[in-house]
Amino acid sequence: MKVTIIDYGAGNVPSVERALHRLGAVTQRTNSPDEIVNAEALLLPGVGHYAALVRALDEQYMREPLIAAIHGGVPFLGICLGLQVLFESSAESPQLRGLSLLPGKVCALPSTVKLPHMGWNQLLANRESPLLAGIPSNAYFYFAHSFAAPESNGTTTATCFHGAPFAAIVENHNIYGVQFHPEKSGDSGARLLQNFLRIAA
Amino acid sequence: MSLAHRIIPCLDTDGARVVKGVNFVGLRDAGDPVALASRYNKEGADELVVLDIAASRDRRPTFLETIRRVAAELSIPLTAGGGIRTLEDGRAVVRAGADKVTVNTAAVERPKLISELSREFGAQAVVLAIDAKRSGGHWDVMVRGGRESANRDAIEWAKSGVAFGAGEILLTSVDRDGTQAGFDTELTAAISKAVSVPVIASGGAKLPEHFVQIFKEGDADAALAASIFHDGAQPIRTLKEFLAAKSVEVRLPC
């Protein structure tokens, strides 16, 4: 099995690749609509601005093939912005459309706490999640974001709290999304990526 | 369940080797950045910072190669900087594998540099490094490796830097740097209170108590140190266990 990493120009593609290679995975980077449609497993990393990701998906004609592949059952993992874009829209760029594969809108975290939410935080599992299999319940993951999906979207399997609760992990059939960066989250992150590889195999 | 306080080792390099000095002067060799990075990654460091303190143009390719080799060792975030003057400089360190870019002197001279980097990489990737030195009743911003005063108030500059798009402040007390007399809690608390973004305290760390103090009284979100980690005087795991015992929330490695 090969993991197709959607490379829209975000900075964290090499570190995601490195993390997957350490686990023995075979990866390819792509921005080709054909390669997305034919992928065995898809991974969408993302850092930076929501608008940059959405515009890249549209300008490089990746939106339709991505939705088609996911509807066709291809295992998908979205990281950070890659989780946020699964929803209908984001308050970071309200005029742009997300992929609308999950219901709800991404909102800003409350300004009562320091933003970005930057650093290592713990999760509260809402229900059993194959992504968290074998990971201690008190494990920390690395976050770096100011916007987040509401926990009440119906697909949240783990919640995190920073000023307010938000979706840390979402899962719906073959769709997986994590708000944190598993590629930067030490051993717990590596284990989570390994779980995704196992699910996708 | 809340955000853990971060412990961040810092590798000050001349581009290729880790160097060590007191009050920004009198440098000596302190080891191989790749070996140190690998050790800190295993010992439970929460992030790593790599700085090119020489920051000369002709040694830039060497520093970028150091970033690449260090990034390959890490499964934690990497911040890199030193001599970042343009958006293109920032792109080069991000492409080499840094998750965040730190800017200092060039941002004081041209604050739009912060906005340019923030627009391209997101605020979470832009760390404004401020070297502050007490001057009468306030703190002065120092530039060029802490040697020259920029004649700006550190608190005002921190606020302004955040408005330009910085997502984090790396605050070094020039008075404390290299002295091992403890972090400047007063300075850190003042900056932390003034800005909405996380603050990394730096300069003066030696004892585990210094870290307790900077988190509890200095309101720091993270604490950075260099030599006490490099020479093995303060293992990161022991430090974190000490902090946990003092009820400071930290991420204890498994």
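In what order do the eight strands of the open sheet of chain A lie? In this predicted model, the order is β2-β1-β3-β4-β13-β12-β11-β8, and the pairing is mixed. The edges are formed by β2 (26–30) and β8 (124–125) of chain A; each has a single partner strand, so one side of each is left without a neighbour in the sheet. Strands of a sheet pair through backbone hydrogen bonds, in either a parallel or an antiparallel manner. Within the sheet of chain A, strand β11 (residues 156–161) and strand β12 (residues 165–172) run antiparallel and are joined by five bridges. A:C160 has A:F166 of β12(A) as its bridge partner.

In chain B, helix α6 (residues 154–164) packs against helix α7 (residues 185–194), with axes that come within 9 Å and cross at roughly 35°. The crossing of α6(B) past α7(B) is right-handed. On the α6(B) side, the contact is made by B:A154, B:I155, B:A158 and B:K159, and on the α7(B) side by B:A190, B:I191 and B:A194. Of these contact residues, six are nonpolar, none is polar and one is charged.

Between the chains, the contact takes 31 residues from chain A and 27 residues from chain B. The side of chain B that touches chain A comprises 15 nonpolar, six polar and six charged residues.

As to confidence, chain B has a mean pLDDT of 94, with 96% of its residues at 70 or more. The scores of the model are ipTM 0.94 and pTM 0.96.

Technical notes: Residues numbered from 1 in each chain as written. Chains lettered and ligands numbered in written order. Predicted model: local features only at pLDDT ≥ 70, side-chain atom pairs only at ≥ 80, totals over all residues. pLDDT = per-residue confidence, 0-100. Contact = placed C-beta atoms within 7 Å. Nonpolar A, V, L, I, M, F, W, Y, C, P; charged D, E, K, R; others polar. Pairing = 2+ DSSP bridges. Helix = DSSP H or I, 4+ residues; strand = E, 2+ residues; numbered from the N terminus. Axes fitted to C-alpha atoms, helices over the stretch in contact; angles between N-to-C directions. Left-handed = near helix turned anticlockwise from the far one by under 90°.
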